[in-house]
Number of protein chains: 2
Amino acid sequence: MIPQTYIDMLGAKSVIRSLSEWAAARGQEIGYENVFDYSLGNPSVPCPPHFTARMIELLQTEQPVALHGYSPSLGIAPVRQAVAESLNRRFGMQYGPEHIFMTSGAAGALAHALRCVCRPGQEVLVPAPFFPEYKPYIEGAGLTMRVVPPRPADFQIDLEALDAAIGENTAAVLINTPNNPSGAVYTEATMRALADLLTAASARVGRHIFLISDEPYREILFGGRQIVYPARFYADTLTCYSFSKSLSLPGERIGYLAACPDCEQAGQIVPVCGQISRGTGHNCPPSLIQLAVADCLDETSDLSVYERNMELIFAELKRLGFQVVRPDGTFYIFPQSLEPDAVAFCRKATRYDLVLVPGDSFGCPGHFRMAYCIETEKVRRSFAALERFVKEEYGG
Amino acid sequence: MIPQTYIDMLGAKSVIRSLSEWAAARGQEIGYENVFDYSLGNPSVPCPPHFTARMIELLQTEQPVALHGYSPSLGIAPVRQAVAESLNRRFGMQYGPEHIFMTSGAAGALAHALRCVCRPGQEVLVPAPFFPEYKPYIEGAGLTMRVVPPRPADFQIDLEALDAAIGENTAAVLINTPNNPSGAVYTEATMRALADLLTAASARVGRHIFLISDEPYREILFGGRQIVYPARFYADTLTCYSFSKSLSLPGERIGYLAACPDCEQAGQIVPVCGQISRGTGHNCPPSLIQLAVADCLDETSDLSVYERNMELIFAELKRLGFQVVRPDGTFYIFPQSLEPDAVAFCRKATRYDLVLVPGDSFGCPGHFRMAYCIETEKVRRSFAALERFVKEEYGG
């Protein structure tokens, strides 16, 4: 009775989940503070106090019937207006509220973007390395995911490989910058070249190939880097955003889809998203949370711990002889494993209570991901274990 | 580029939405207090003060990183436990937390239920009258909706018609009790007969036909009626619930799916729901709201205004000569229109600033719905307009 697809998905237990369960169980044995768990990408810093204060203020002062009432299906109008204005102010865009669709996090935004600009049976190209959930997101929309090989030297997009992969059946390219798991931030040069490539490819196939840009890590940038906003470079862009990381609110499921005002069928994208919701049971993110984030659009949590941790880990990995690209953002780093089989490498690491995630499910075997959204003190303590692991297992 | 299905949906503007837009525009002209808007099913009473207090307490006392952290994909464990215990206590069920899946309202629950126990291409039977959104919900899951004709004498299920409609391709029956739009509450006798019918039909087709029971109005009952809980009667039941109406929280998108412990593949239903989410971008209802409702499971808003309004409207409709079934719950009433064409009837009503919704999209032409979740004072004021409408248009 239950469709076999789902039963099969259930059987294919994700490596990240298995590792994180192992970490929890090991924590029961030796104390979780002694398990160096680099498996999960959960923000480790609190939301801005202003968000909490605004939530309490709304609860204390607004009439409950209005406050907790249905959101219009495209999002609360002044919230959409505020999001548009914030994006225009920060990135020199020309969004109106009619280009903004409020969603349950980036997952909700991607679910709508994929259904809106792709037809079932078409292909979505995803440059590796990529967030593993893209596969069920894309397949759940009746589409096929096609992986574009990574460029491990710097984890920018391999544009030649991307261009070669575009065909008659390509509907969209899905990118994630700053990138999970590599920590790479696509440069202006990459974005310009990507835009040129997609413009030429669209002309070639006689259709607008869309860029779906997943940007939950947008504000987590290192070394004073400025945000490179993809929709500034290519008009046919749907921007998918989540406040999960910038405001440390992953559980509150709040984000948006922004349709570039100059994209093909721009006026229909957001209304169509409202129709897509009816089929998927989406029906808007929570009203109260929409109202509260609208007051915090240009703010972030104190994200400095992520850069501090990155500096420490990057230096230590280099010192131990790892091949590793220095992240420009996010809270991930993605070094080469010390043996070609990253799964075996990560399995051995658990002997030292180190929880590392193999790169295979990110489309990049021979690498492993460390999520360093943990206390800096723990990062420091993990280095003894890391050194022992490398020396004892690989004679490093 | 945008799939034509969605463009078509966009063109087919819903009657309810058009009417509610007309009501808003007319309100601009003559003051909204003078528009007798019976179009929208939005709760008109505040949430229990305990809910607000609990939200503020959580925001003031919990660590933000934990409070706003990711919910496990099936829901927060103690919340699922609390929901199971509440259902067991109230309805004599035997749910464990493993049978509860937290969702973004009833829409989220239905989206999962339909994908979980039906395979694309199969048929879902829906007794009329029914909530019009069932059609996009069902079709969005790749299924076909088949309407079972109504039984207008009492709006219980026409069991003979239902039995005749069940065929090789029937995967599930979707019911809604208390019913939107009729206000009928399926009796114990109806539920027993339905269970017998589905048991026999399942044997006949050699598969378990599931009952998907949509129960957002469960607690809005009149005349001291007790809740008739469908899953008590038929094991293969998935219960879909929303706190939107009982706690007046429609905008906060919180509900659950409960899989009857004795249903077919009971152990897999909830884990599979977690897999379905990955394809639809659902990813759990907001953590904070999950935690707050878990503290209010056996409570409701003060729902008495709905019964008071029903009594007034029912008496007035009878006095004016309408054929109407007395509602046993919800905040809807569903009389026969005074001409066979309910659309024409409702159009004429707007001349008197009365906003009534034709029954056609509920699968029941010749009837109209009034949603009386409005102030009692306004209900009383509407009667002069209603009487003028009936007398002037129909000489009643």
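Helices here are DSSP runs (H or I, at least four residues), numbered from the N terminus. This is a predicted model, in which local features need pLDDT of at least 70 and side-chain atom pairs count only at pLDDT 80 or more, while totals for chains, interfaces and linings use all residues. Residues are numbered from 1 along each chain as its sequence is written, and chains are lettered from A in the order in which they are written.

**Stop one.** Select Gln275(B), which sits in helix H10 (residues 266-280) of chain B. Is Gln275(B) buried or exposed? Gln275(B) is buried, because its relative accessibility is 6% (buried means under 20% and exposed over 50%, with a 1.4 Å probe and protein chains only). Now show its contacts (heavy atoms within 4.5 Å): leaving out residues up to four places away in sequence, Gln275(B) touches Tyr6(A), Met9(A), Leu10(A) and Arg17(A).

**Stop two.** Move to H10(A), where 11 of the 15 residues are buried. Among them are Ile269(A), Cys273(A) and Gln275(A).

**Stop three.** Show both chains together. How many residues of chain A are in contact with chain B? The count is 70, and they meet 71 residues of chain B.

**Last stop.** Select Arg278(A) and Glu133(B), whose side chains form a salt bridge at 2.8 Å, N to O (a side-chain nitrogen of Lys or Arg within 4 Å of a carboxyl oxygen of Asp or Glu). Between chain A and chain B, the count is two salt bridges.

Key:
Heavy atoms only, no water. Helix = DSSP H or I, 4+ residues; strand = E, 2+ residues; numbered from the N terminus.
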